[in-house]
Each structure stands twice: as structure tokens, then as C-alpha cells.
Amino acid sequence: MKMTAVRTRPPVVGDVTTIIIGAGQAGLAASRCLDQRGIDHLILERGEVANSWRRERWDSLKLLTPNWQTTLPGHAYQGADPDGFMGVGELVDFFDDYARRISAPVVTGTCVESVSATERGYRVSTNRGVWHCRTVIMASGAFNVPVLPRFAEALPTSVQSLTPHDYKNPDQIEQGGVMVVGASATGLQLASEIQASGRPVTLCVGEHVRLPRRYRGRDILHWMHCMGLLDEGYGEVEDIKRARRLPSAQLVGTGEHRDLDLNGLTAKGVQLVGRLAGVHKQQLQFSGSLNNVCKMGDLKMNRLLRSVDEWIDERGLGAEFLPAEELLNTALDDKQKLSLDLAKGEIKTVVWACGFRPDYSWLQVPVLDRKQRLVHDGGVTAAPGLYALGLPFMRRRKSSFIFGAGDDARDICDHLASYVAESVSMTSIAVA
């Protein structure tokens, strides 16, 4: 990772048209789009540019998306390995370079403490002063707080408990059995790495999205891109609330383009159990739905692969790619374990890979539901001039990916620009 720092703006407190909260991919993309529209703005960042990538990821993490998909408005991967996968250090360098290229007005080390509505827009209070603005774009991300089940507190204190924000590498875990709770991309990658370190892993498996890394000679995301699936809009799906809650796909980025699925993990010795349903005294209790969720994961994967085959056949391209493939279904033991006694000492550590949620504890505008989830229509909230970016399936299926930030930012900034122009016009009329 390069050590060259991004040039940032001093905290000149005062009035500005737009405040962007967060200097990750969504915030930087929004900055570029606002600059193109001539709208003055600042980006308030609690740490450094790409802070979550710098501080809240494990050491071996690589992107799930191939390098050719690492793009932001006016900036794209230019390296020699377009089909490879960036590590965290390379990605941070990519963001730093982008922030410099677009002269992003980032104010680092600035924690937003509250955002409240005023007659003229919004008051943004921080640890470094107060800004007043007409509009706010919340680009602080969807992965701020690791999700833990309520019963996580019932885990005995003798068992080490970690979240993906805490975990860096297996060396910080004591010797002994490890339970990884959650079988999406994060859970599978951590289970694989920890098992390889010599610590026996038990993986709790709930609903998941199974995908092969490559199919018919191309990356699975290549096919989803060509077929337009990643550009599918939030108004085109039957149940957008469910679509936004879907877990991340079981993928890993490696030089070998290898698959990472439950079959691969069991071949390495990882033990599979059902979703962790509760902790009672010293007993871990597992759901009996493991067979069903695995069958559903296999069914949906095969349905997608058959749609790839149809897309190829409809265009007469079959000779250009490898033949259609039949992937093995998930293999499970006939008898599934429904409980585990912690008193026996088999499990020394639990890693909670149960997903993440945004943090809106600083938001004092009534746009959250009773579960503190943001209510929005494609990133546009009911509060005039208050927007979001970077949330799962916010406007498109690709919204939470790096390469999805640009299109969403353009849409949101178009809406924002229209709102600002209308506000100025109405103010002029009122003054006249």
C-alpha cells in the first residue's frame, strides 16, 4: 500500500450547498458527479479516504469482483491483470489516486455527530464544528455495524467472540475449535482460512447464494453483466425488500479463479451445521433446515446457469465458449447435528459472520422505520434534499458494488441538482 496521503481540505466550517458523509466509493463518485454539475460540496470523513477498507477488513481479503469491474466515474483499473482480484492495499491505492485526480474536497478526521433539519436545509454537527447545507448525501456505507443475534450475549465468557471487523488473521485466535456463524462470502472465506490454519471449524449455514466463480470459461460476473442482471432496477423486481436483504454470494477472488462453496469446505474438513438458532446455558442449538436451504441454494444457482446457457444459445454463440456444465449439488451427511455442548470445550472461538447494517445513530431526521432502517425510494428519502448512496440494491442490483457507485451517483446527483435549482427559483420568487 502506498503511503502517499490524499490531499484533504482544512475544516472550514460554514455554509455549503451539499455535504457528503463518507469518502468511500459512493462518496467519491458523488463528489465527481456534483463537481461536473457545478455544485459546491464537501466530503466529511471520520477517518481517511476509503477508511472502512483500510481499518475494518481482514488481512487476506480480496475483492469478489474482477479488476475490470473496478471503475468509478472517469476512472478505471489500468493494470496488467484485468481478470485478477485486488487486495485491500491495491484498492486503497486506487481510491487515493481517484480522490487526487478529481480533487475531492475531503475533510478527514471528521466524525458526524448529528444531522438535523433546518428551515434552509440541514445542520451537520461534527467533532470539528458545524456546517449548514441545503442538501446531504449519506454515503457512509451499508457495512458499518456487524449484525449479531440477540442470543450472542448468552455466549459463555470463556468462549472468544469476534466479528469480521475484529478479525484480521488466524494468529489472533487461540488454538482449538472455531465456530463461524454465517455462510455468505465472508463466512466461507473466514472458515476456509481458519481451517487451513489447523483450527477445526464448524460452519453454521443459513440462507445463502451459491455461485461458481467461473462458468463456461468466463467469470460468473461477466455473464451477469452481459445479460443485464447487474443493471436490473429496483422497480423491476417483485419483492425489493427481500432482494435488498439477500446475503452476498459465496465467491472468493483468487489467482486460480477457484470456487468457494460448501462442498469445497467439507472436503477440507469443515463441519456443516444448520443456522444457529439459540444459546441456552452451555448448549448451542441449530436449526434443522440445513438440507432445505442447501437445496434452495443449488436450485437458484442452477436456474441462473441455465439462463446463461439460454442467452448463449439464443445468440448462436455456443461454439465460442466451453460446453454447458452440471455442477454437483451440495453434499450433506445423512444425520445433522442439532446441538453442541460448549462445556465439552470443543469450541474455543465464535466468529459472527452474520452480515452488517448501516449506522444512522447520528441521523435526527424522521426517515427511519421502527427497526432503524432507512426508508427511501431508490436513495431519495421523504425529507427534501436528503439522499443515500451505496446501499444494497439501492437503485440497481449492482448498487453496493464499486462499479455500481457511478450510475447511482449520477441519478442521485441529477435529482439533487433539480431540487437545488427549484429551491433557488422558489426563493427568488419569494424574495421578489
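Contact here means heavy atoms within 4.5 Å. By that criterion, and leaving aside neighbours within four places in sequence, L363 is in contact with V115, M138, L368, L374 and L386. The model is predicted: local features need pLDDT of at least 70 and side-chain atom pairs count only at pLDDT 80 or more, while totals for chains, interfaces and linings use all residues. Residues are numbered from 1 along each chain as its sequence is written, and side-chain values use heavy atoms, with hydrogens and water left out.

**Nonpolar cores**

- A nonpolar core is a set of buried Ala, Val, Leu, Ile, Met, Phe, Trp, Tyr and Cys residues joined through side-chain atoms within 4.5 Å; buried means under 20% relative accessible area, exposed over 50%, and partly exposed in between (1.4 Å probe, protein chains only).
- The largest core has 91 residues, and F95, I137, L203 and L363 touch the most other members.
- Helix α3 (residues 88-101) supplies the largest share of this core, seven residues; helices (H or I, at least four residues) and strands (E, at least two) are DSSP runs numbered from the N terminus.
- Another core, of 19 residues, lies apart from it and has I220, L230, L251 and L327 among its members.

**Parallel sheet**

- Five strands form an open sheet in the order β10-β21-β11-β12-β17, with parallel pairing; two strands pair if DSSP finds at least two bridges between them.
- β10 (160-162) and β17 (271-274) stand at the edges, each with a single partner strand, so one side of each has no neighbour in the sheet.
- Neighbouring strands of this sheet are turned by 20° against each other on average, direction ignored; axes are lines fitted to C-alpha atoms, for helices over the stretch in contact, and angles run from 0 to 180 degrees between N-to-C directions.
- β12 and β17 run parallel and are joined by four bridges, and C204 has V273 in β17 as its bridge partner.

**Helix α4**

- α4 lies across β11, β12 and β21, running at about 170° to β12.
- The 12 residues of α4 (residues 185-196) should span 16 Å at 1.5 Å a residue, and the end C-alpha atoms are 17 Å apart, which agrees; the expected span is 1.5 Å times one less than the number of residues.
- In α4, 11 of the 12 residues are buried, including L188, L190 and I194.
- The elements covering these buried residues include β11 (177-181), β12 (201-205), β16 (249-250), α7 (262-267) and β21 (347-352).
- G198 follows α4 and has a positive phi, near 100°.

**Antiparallel sheet**

- Three strands form an open sheet in the order β18-β19-β20, with antiparallel pairing.
- β18 (276-280) and β20 (339-341) are the edge strands, each with a single partner strand, so one side of each is left without a neighbour in the sheet.
- Neighbouring strands here are turned by 15° against each other on average, direction ignored.
- β19 (residues 283-286) pairs with β20 over three bridges, and L284 stands opposite L340 in β20.

**Cysteines**

- The structure holds zero disulfides, a disulfide being a pair of cysteine sulfur atoms within 2.5 Å.
- The closest cysteine sulfur to that of C204 is in C354, 8.4 Å away, which is too far for a bond.
- C294 is in no disulfide either, as the nearest cysteine sulfur, that of C204, is 12 Å away.
- C204 is buried at a relative accessible area of 2%, and C294 is buried at 1%.

**Residue N51**

- N51 lies in helix α2 (residues 51-55) and counts as buried at 9% relative accessibility.
- Beyond its neighbours within four places in sequence, N51 is in contact with E45, R46 and E56.
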